Amino acid sequence: MLNSAHQNGKCAEFSTLFSFFNLTRVDGIDGVPTNRNSYNSNRFILIRVMRRALYRLGIMTGILLVLICPAHSALRVGMPIAFPPFSYQGEGDDRVRGYSVDVMETLGGIMDEETRFLVGEPEDLLTALAEDRIDMVCGVVLTESIRQAYDYLEISVFVKRFFYANQAGVDPDRRHHLAGKTVVVVRGQPFMDLGLQREGVNIVQARDILEALRMLDGNQAQLFVGLSEQVVKTLTDEFDLKRVRQAGVTIGQFPLAVIVPKGNTALLKRLSMGLGMAVSDGSLGRVQEKWLGGWSWAFFWIRYRLYVSIFIGIFAAGIGGIILWNQTLKRQVVRITRDLGVSEQRYRDVIESSPDMVFVINGSGEIRLANTSARRKLSWDEATLHCTALPSLAASADRTSVDRFLHQLFADGYAGTEIRLIASTGVNINVEMVAAGIQQGSADEPLACCFARDITRRKRMAVELIQAERLATIGKMAASVAHEINNPVGIVLAHTEELMSGGLSPEEIRNSLDVIRRNAVRAGRITETLLAQASQSPEGTGFAGRMVVDLAELIEECIHFVRPRLRRIRLQKGLPTGLFPVQGDAGSLQQVFINLLLNAAESIDGEGVIRVWLVNERTGLVPMVSAVVEDSGIGVPEADRERIFEPFFTRGKQRGFGLGLFVARNIVARHGGDIRCEPGTSGGTRMIVRIPQRELEADGAKACDNG
């Protein structure tokens with residue numbers, strides 16, 4: 001049964017209409033007055049009639065406007081009864097009140113709609129909604145059948161659920177205390193099932209809150225669950241229920257449902273928009289504060305307890321991890337610091353104990369660090385070396401080489417050179433220096449580490465080896481040269497005997513003396529050539545002692561020296577002069593090619609061919625001159641092609657010390673070139689010597705004449 005709770009708005013119904021004109025005939029109006037007084041009296045009566053007619057016309061016009069204009073629309077809302085604090089009616093009260101009522105009135109005000117409420121049981125309200133007697137139902141529990149039959153809008157509300165008991169020892173927070181107890185709830189109030197049925201609790205339903213409280217006071221139930229503390233307090237005071245006391249409070253989420261007919265999307269959309277506006281302007285919050293109390297941390301905890309618990313767990317785990325990580329880092333820092341100290345001291349000891357000189361320099365060559373060996377060999381103290389640049393320690397002739405070395409070092413990250421350093425005592429120290437950039441150097445000052453090895457003794461030994469090999473080469477040539485000397489000596493002896501016979505004419509005596517002079521000079525030149533080869537100092541291999549020579553002319557002179565060893569060997573040459581200039585020491589280069597020619601002759605057993613030619617190569621950045629000496633001898637096995645350049649390695653018919661090719665490679669390397677061994681085209685050996693090409697000087701400088 002539905003009861004009209006209250007009615008807002010001003011809508012009137014009219015059952016009768018007033019007569020438009022109800023005029024009574026007045027005497028004297030239609031006739032002509034007989035005197036002035038009667039005329040004035042009739043005029044006054046006419047005015048009164050006209051005023052009455054205008055008044056009635058105005059009333060009639062208002063009535064017509066009211067009847068013609070449509071009445072102001074109203075929202076008809078069904079509310080469940082006896083559901084405090086959401087919707088309820090007090091005794092003798094004809095007006096429904098509660099949280100749901102104020103929410104709907106707030107939405108109606110925002111939507112500019114009058115709100116009318118009808119209260120009743122949920123089943124009756126849904127029936128009225130289906131028959132279109134109301135527009136919506138608010139506060140009915142949503143079931144699956146209702147969800148399928150109607151459209152709805154949910155408003156999540158957090159409410160307090162109050163527990164009341166009639167005796168001590170009943171604790172709703174301890175479910176085992178409720179076993180065998182009876183719990184009373186109000187019929188139709190949703191979300192009251194707290195899982196008590198699973199604990200062996202007997203649940204009974206009362207028609208309203210008063211009946212539930214009376215059952216609790218009369219010990220027909222031991223626990224009551226309600227939603228309104230104020231209603232319970234009022235009823236217990238009014239009806240003197242002495243045994244009812246509050247036993248606990250919990251927070252629960254109540255989805256307030258607004259149900260509309262299926263397909264009424266327009267109304268549902270208006271309600272959603274109105275709800276959004278009510279939330280944004282704070283009016284919904286004020287309604288909640290009025291009926292359900294203000295916001296509390298309990299509401300926050302109920303709604304976000306899962307996320308808060310996860311966040312607290314993650315935060316605690318993070319803090320614990322950070323603390324653990326911090327402690328681990330501290331231990332690692334201590335250990336790494338200790339290891340770094342040990343490692344630093346170890347590397348410092350290695351550098352300080354190195355027999356080689358070690359320098360740390362910057363881009364301009366300034367020395368930042370020098371080890372003990374450098375200080376001892378240069379006879380400089382540490383403070384002086386730190387204020388000195390590397391180029392200033394080099395000999396004046398080598399400073400250009402040091403500048404090129406520094407430029408290549410900081411451009412490519414690696415460089416090497418041979419220079420002479422000057423000690424404080426004035427002694428020159430020949431060093432072989434290699435350096436590499438330090439990757440961990442500071443960005444504003446790149447650094448490099450240089451290792452300088454004292455090669456003074458090695459250089460002296462190399463000079464002695466070259467001289468020994470030179471003498472050995474001359475020894476090889478001695479037998480052939482002796483034959484060359486014997487010929488002019490024999491001629492001299494023969495003409496001397498003729499002169500001593502005394503039977504020659506003056507002309508014949510003059511001719512014999514001329515022959516003796518020429519052959520003596522010839523023998524002397526052969527001897528001078530050998531002595532020149534034996535006495536040439538290898539010290540001339542430095543940069544200061546070099547000159548531009550024509551390699552073709554130099555090789556021609558070498559062929560002249562060894563020609564006596566080539567009597568049964570055919571020689572094929574490709575040596576055009578003026579096309580192959582190189583810069584170097586002529587005597588040292590002659591030693592290289594004489595050694596190659598003698599080795600080629602020794603590898604040929606009997607008759608054979610030796611080919612010698614020159615080629616210009618421009619495959620790299622620096623143009624090179626390649627000198628090729630190829631023979632038709634026994635050849636060199638592939639396994640020995642690198643070993644033949646090792647010291648004291650001999651093979652074939654060679655009877656020397658095995659230093660010839662080793663010395664030759666060193667000489668060519670000091671000239672900036674290289675030498676390699678390849679198989680020949682006719683089964684023999686091909687030796688290729690590559691030397692950087694230089695332009696000939698303007699005066700046409702040639703190889704030194706050592707003869």
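Analyst: Let's start with H7: the face turned away from its buried side carries Thr265, Lys269, Met273 and Ser280, which are exposed (over 50% relative accessible area; buried is under 20%, partly exposed in between, with a 1.4 Å probe and protein chains only). This is a predicted model, with local features needing pLDDT of at least 70 and side-chain atom pairs counting only at pLDDT 80 or more, while totals for chains, interfaces and linings use all residues. Residues are numbered from 1 along each chain as its sequence is written, and side-chain values use heavy atoms, leaving out hydrogens and water.

The buried residues of H7 are Leu267, Leu268, Leu271, Gly274, Leu275 and Ala278. They cover an arc of only 125° around the axis, so they sit on the same side of H7 (the arc takes directions from the helix axis to the C-beta atoms). Just after H7, Gly282 takes a positive phi of about 85°.

As for strands, an open sheet of 5 has the order S11-S10-S14-S13-S12, with antiparallel pairing (at least two DSSP bridges between two strands). Its edge strands, S11 (367-370) and S12 (414-422), each pair on one side only.

Key:
Helices (H or I, at least four residues) and strands (E, at least two) are DSSP runs, numbered from the N terminus.
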